[in-house]
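Good morning, everyone, and thank you for making the time. Please bring up the sequence and the structure on your screens, and I will talk you through the overall build first and then a few local details.

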Amino acid sequence: MSEQNATLNAFPIFVKTDGKRVTIIGGGGEAFAKARLLAQSSARLLVIAEVIDPAFAKWGADHGIDFLRVPYHRDLLAGSVLVFAATGDLATDRRVAQDARALSIPVNVVDRPELCDFYTPAIVNRAPVAVAIGTEGTGPVLAQQIRARIDQMLSPALGRLATLAAHYREAVELRVPRGAARRRFWSSFFGGRIARSVENGALQDAALEVEKLLRDHEPVEPVGHVALVGAGPGAQDLLTLRAQRLLMEADVIVHDALVPESVVSVGRRDADRINAGKRKGCHSKSQEEINELLVSLAREGKRVVRLKCGDPMVFGRVGEELAALREAGIPHEIVPGITAACAAAADFRLPLTLRGVASSMVFTTGHDLKGNSLPDWARLAIEGATVAVYMGRSTAADVSERLAAAGLSPDTAVAVVENASLPNSRLFHGTLADLPALAGFDDLTGPVLTIIGDAVAGASFENSEPLARRRALASAMGEEAAA
Ligand code: SAH
């Protein structure tokens, strides 16, 4: 899965070649390889070279390929939709590229990415389904490895299934209402018994299943569904498989601001996306508005994914949304996610429980430390529990002072992670006494999680910066600025 939003310098498309002329210049091994790739399509292949490798010529004769044994000339390119230069001679290849371009025909020059208008992908062929893998010329071997993996994943019968789908398209358009119902139809078509029957070669069974599915999908009252889904700490590949599937099936994704774009974009491109999030200063929906939104979307028959960072049940205000759904009688489910504390612990290689040291855990925001009486969890901390503080930047000073006053040693180890699980994560470590400095780190703009307790001493501090040094630096800079 991709990190953040990477930019492609070559955008993949599929070029229609049925009955069209595609021309390869060259008669050697490179040209042969291209011809073999292109012969997977229904293009009319023309190979132009004075000398044709005998094996190539024999294979070409078997595959209905036209050979023209003449010297290259630009006029020969006219009428082609694509041109491949594979003569092995750079000067000629360059001339072919220029000529093709002058005729507005996209050209590919073997092993010369700088001369190419397009790259040829590695292909997994399940016609009419094709997976094309490109690396912008950076790694043909990598492309082949990926190809092999995808090839293994996809059933050999996939093409037959897609052809069957094309056969039923018209009937589906007539009988299944467009929108959510139709998407549901196709998702059962490709995902369930029909696919399995086609795979087993039981085409008659498949046809019966399709008829049944068509009947089931005839207009009925739409019933929506809401999934409260944990998006995990931010890294796309820390989504669960179930979260991924629900995202891909969703008609609408209602997400919090903390969920990165790369995770939201796992959903279908044409799914509606609604940012319900609260992020410093921006307008955001009230909890009430979100509850109403979820209910009304579901009543329209939509499949809704309510995407929350981490685990939805941990400081996710999910209680209110659940109550609203229950009251409205909307079918719903909950999909757990990796909570920030676990991601932060992983980044620090920090065991949250440690035999003989810490055998319980507290998830807190520290907000309940502001009152007069000490919350129960403070006592747990003193008895050795590991404490994970969510949303804890503003309460850092309170947490530190109150816990120390309650008897927790100021030397107790502390680990702080910003943007846990993401490439831009930052790690800090120190003691309970260092913790108040956190509020002053103005450059901590990502979500921050703090872990306190003796178990922290078991962490790896290799990639982490001491809080104390950070604070000294910040105050030195402050003094300098004042001077
Ligand atoms: N449901 C979420 C928590 C929501 S409260 C979960 O289970 O993780 C929001 C707080 O979560 C943030 O203030 C921060 O303390 C924490 N958080 C979420 N993602 C984080 C991340 N990638 N790194 C560090 N902290 C994170």
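Let me begin with a term: when I call a residue buried, I mean that its relative accessible area is under 20%. With that in mind, and remembering throughout that this is a predicted model, buried residues make up 44% of the 483 residues in the protein chain.

As for the overall build, the chain holds 16 helices and 18 strands, and its C-alpha trace spans about 95 × 65 × 45 Å along the principal axes. If we take the contacts between residues at least 6 apart in sequence, 66% of them join residues at least 24 apart. The accessible surface comes to about 25400 Å², and carbon and sulfur atoms account for 53% of that area. On the charges, there are 53 positive and 57 negative ones, and their mean positions lie 5 Å apart.

Which residues is Leu403 in contact with, leaving aside its neighbours within four places in sequence? They are Trp377, Ala378, Ala381, Asp398, Leu408, Leu432 and Ile452.

Now for some backbone details. Most residues other than glycine have a negative phi, and most peptide bonds are trans. Against that background, the peptide bond from Ala127 to Pro128 is cis, with omega near 5°, and Pro128 lies in the loop between strand 6 (122-126) and strand 7 (129-133).

Glu136 sits in the loop between strand 7 and helix 4 (140-153), whereas Ser421 belongs to the loop between strand 15 and strand 16 (426-431). Is Ser421 buried or exposed? With a relative accessible area of 19%, Ser421 is buried, whereas Glu136, at 25%, is partly exposed.

Technical notes
Residues are numbered from 1 along each chain as its sequence is written. This is a predicted model: local features need pLDDT of at least 70, side-chain atom pairs count only at pLDDT 80 or more; totals for chains, interfaces and linings use all residues. Side-chain values use heavy atoms; hydrogens and water are left out. Helices (H or I, at least four residues) and strands (E, at least two) are DSSP runs, numbered from the N terminus. Buried means under 20% relative accessible area, exposed over 50%, partly exposed in between (1.4 Å probe, protein chains only). Contact means heavy atoms within 4.5 Å. Accessible areas come from the Shrake-Rupley method with a 1.4 Å probe; for residues, only the protein chains shown count as cover. Lys and Arg count as positive and Asp and Glu as negative; His and the chain ends are not counted. The place of a charge is taken as NZ of Lys, CZ of Arg, CG of Asp or CD of Glu.
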